[in-house]
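Trainee: I would like to learn how to read a few features of a structure. Please take them one at a time.

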Amino acid sequence: MTTSGGETTSVGERLRGLRSSFEELVLVPAGAVAVSLAIFGAFVTLAGANPIDVYREMYRGAFGTWFSFQNALTRAAPLMLTALCTALPAHLGLVIIGGEGALVLGALAAVVAAQAFAFLPGWLGLASMAVAAAASGGLWIALAGALRTFRGVNETISSLLLNYIAIGVFKHLVEGPMRDPASLNKPSTRPIGDAFTLGSIPGMDVHWGLVYGLVACVGVYVLMRRTVFGFSARIVGGNLRAALLSGLPLHKLVVAACFLAGAAAGVAGMAEVAAIHGTANASLIVGYGYAGILVAFLARQHPLAIIPVSLLLGGIGASSGLLQRTAHLPDAAVNVLQGILFVVILASETLRGRVRSRAPRALALVADSPAASAETTEAA
Amino acid sequence: MDISFPLHLRATFRFALTATLFLLLSQCDKKSGEKAPDDKAGALGATTASAPNKPFVVGFIYVGPKGDYGYNQAHAEGAAAVAAMPGIKIREEENVPETVAVQKTMESMVELDGAQVVFPTSFGYFDPHILKVAEKLPNVSFLHCGGLYQEGKHPKNVGSYFGYIDEAQYVAGIVAGLTTKTGKLGFVAAKPIPQVLRNINSFTLGARSVNPKATTSVVFTGDWSLPVKEADAANSLVDQGVDVLTMHVDSPKVVVETAERRGVFVTGYHASQSTLAPKGYLTGAAWNWPKIYTDYVTWIRDGKPYPHLLRGGLKEGFVKLSPYGPAVSAEARAKADAAKAKLIEGSLIIYSGPLKDNTGKVLLPAGTDQKQTDIELEKMHYLVEGVLGKIPS
């Protein structure tokens, strides 16, 4: 990293230069969102609506009123957890897209636990439901991870196909052996009961599942950045040969990471059952798992970034209703925006490592002196 | 390409970013009124009282696309009839899944659009979504398609309606039974729930009342909207020799188009798909939501009490037969019209003994019958004699 002028940079400078700058972390994604909105505005004009009106309606429907904001939060809650299902294994270089299957099995396990432990007091029952959901979702994705690490089966394909299996099993059980006889025309399991209902956060109309998501995202961040497990996992993702040569327990890391990922998605299913439906039925299979993949990629697999991205996508979803009703756009318009956002943010990955502040902050004074003002100091 | 920023620009940018974020977040206040100006489409404020000059707003929520040639389109036709009423404005939203999203949509229609009547049209919206929102918003009427209302158990501002469309399927079955050359009829069904089984059975009973050797082969696809499976099922039924198809799925479009392509006949469901199959479309069992919706809106706007549980069939005009297609013979038309008249008059009871299911078990001994309003029919879990297939358990 020497410059063309022959100046050498210190080790500290070099290391600091390798980390993403604040501008890059914020400017690039924000710029991508702005560009996506601009392209969406062009699409909307072609569809016959006024883009300014559309932006205003989107803002009003997503964050403009307290009701809208809560709507966005409620939609963001399951997305945070299912996004972790993709983001966590991504640190190991695995691409897992099995959130939907894990969510569905987690919901099933939650209702089984609710019926098995019906005698427990409310909070203990909810805890048992969460544990059951986490265990079942975790084991499901751990299966995909085990297939990958022991037999070399591509985890993307196996986790995707496991989705279909899980949904098939879910439907078979919910419409057959586990069906509540009273639920004639909408096959569902027996209700979990009011004692096990997840309520709203005091003062808001949003259920506690949102807090589960926030805690999980922060927890995964701490796990990945501050623990030995996380460090080992990131080495596996960064340089597999180095990991093997260092003697890291590859199999255990992969299976454990996949288990945690599936556990997160399973808890998402449990939160949907306990907070919204009170039972398990086909209304749970609405694509939260797949939307979580989108969130994870938009957040570039960073656990903390998943929180604002979930909120963004929740807001977009929340505003879709208003767009339909007032701007008279079809429901698919919101899918178009999500698609544009996805492509633009992935394309903005090319700017990674190129947007950097002029010099590290500790040397700011030096940076403004003529000797260090040569543009070539910042050569990548 | 590298982008470098000097210190003063960095400082300015970070300040601007923080300030913008702060301003954006501070826009969300706890009041439910908006700060943004209303747009040109005229979204009303959060008033719930209907002032004489303000239009009466009615909201419609669909679980699928409005133009699906099926379930949702039938409801959209009802909505269009309501929109044509003077002084009424409608707000529609499609593709709303049966999750918390529909709760938020209902609340949004009431708070941001000022709706006073909401029609959430999918069966699965009722429990828990409509019940939760109805308790929160007691001044708004919620009218659900499905007939699940129970007096005393459910809130007073909720109403429920449904139609005995299996009467229309019975008549369609008569037409099918007289048009088929091979004697084999086919039914593409979604899920084996009582409403669907009732349609299968009524269709078969109608066909066998005029053609005792007719059989109905049934295929269950597993869900309400699975176009690929529906096409597969239709094709495999035609391959087995079926020459009249019918269906109970959310969007009959796929089955109707497949039938037309394969050159067989088809009777429709939910709405009329005759434009999709000009040669093969015989008739169809369709809803007549415009009548029910305009009735409800009139009652509620005039402040009259409305029945909480509204059900009816051909007689009350809740369901209807789609117009006959070109392939329907004069004899079929005559027999179908006669049966329709008898159903309206009440002299024809579809489920009357002796009735056996397709395993030979006796369901209704001779001399007994179950009228359309009989609650036992709501729990149907059998396939009558003449239906080839099993209920997947």
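**Reading contacts, rings and burial**

Mentor: Start where two helices meet: Ala275(A), Ile276(A) and His277(A) in α11(A) touch Pro128(B), His129(B) and Lys132(B) in α4(B). Contact means heavy atoms within 4.5 Å, and helices (H or I, at least four residues) and strands (E, at least two) are DSSP runs numbered from the N terminus. This is a predicted model, in which local features need pLDDT of at least 70 and side-chain atom pairs count only at pLDDT 80 or more, while totals for chains, interfaces and linings use all residues. Residues are numbered from 1 along each chain as its sequence is written, chains are lettered from A and ligands numbered from 1 in the order written, and side-chain values use heavy atoms, without hydrogens and water.

Trainee: At what angle do helix α11 of chain A and helix α4 of chain B pack?

Mentor: Axes are lines fitted to C-alpha atoms, for helices over the stretch in contact, with angles from 0 to 180 degrees between N-to-C directions. Here the angle is about 50°, and the axes are 10 Å apart. That makes α11(A) oblique to α4(B) (under 35 degrees is roughly parallel, over 145 roughly antiparallel, 65 to 115 roughly perpendicular, the rest oblique).

Trainee: How do I describe a pair of aromatic rings?

Mentor: Use the distance of the centres and the angle of the planes. Rings of Phe, Tyr and Trp (its six-membered ring) pair if their centres lie within 6.5 Å; planes under 30 degrees apart are stacked, over 60 edge-to-face and the rest tilted. The count over all chains is 21 aromatic pairs. In one of them, Phe119(B) and Tyr161(B) have ring centres 6.4 Å apart and planes at 65°, so the pair is edge-to-face. This pair links distant parts of the chain, 42 residues apart: Phe119(B) is in strand β4 and Tyr161(B) in strand β6.

Trainee: Is Phe119(B) buried or exposed?

Mentor: Buried means under 20% relative accessible area, exposed over 50%, and partly exposed in between (1.4 Å probe, protein chains only). Phe119(B) has 0%, so Phe119(B) is buried. Tyr161(B) is also buried, at 0%.

Trainee: Where is Thr86(A), and what does its side chain meet?

Mentor: Thr86(A) is in helix α4 (residues 66–90) of chain A and is buried, at 2% relative accessibility. A polar atom of its side chain lies 3.1 Å from the backbone oxygen of Ile96(A). Not counting residues up to four places away in sequence, Thr86(A) touches Ile96(A), Ile293(A), Ala296(A), Phe297(A) and Gln301(A).

Conventions
A polar contact is a pair of N or O atoms within 3.5 Å; within protein, one must be able to donate a hydrogen and the other to accept it, and residues adjacent in sequence count only if both atoms are side-chain atoms.
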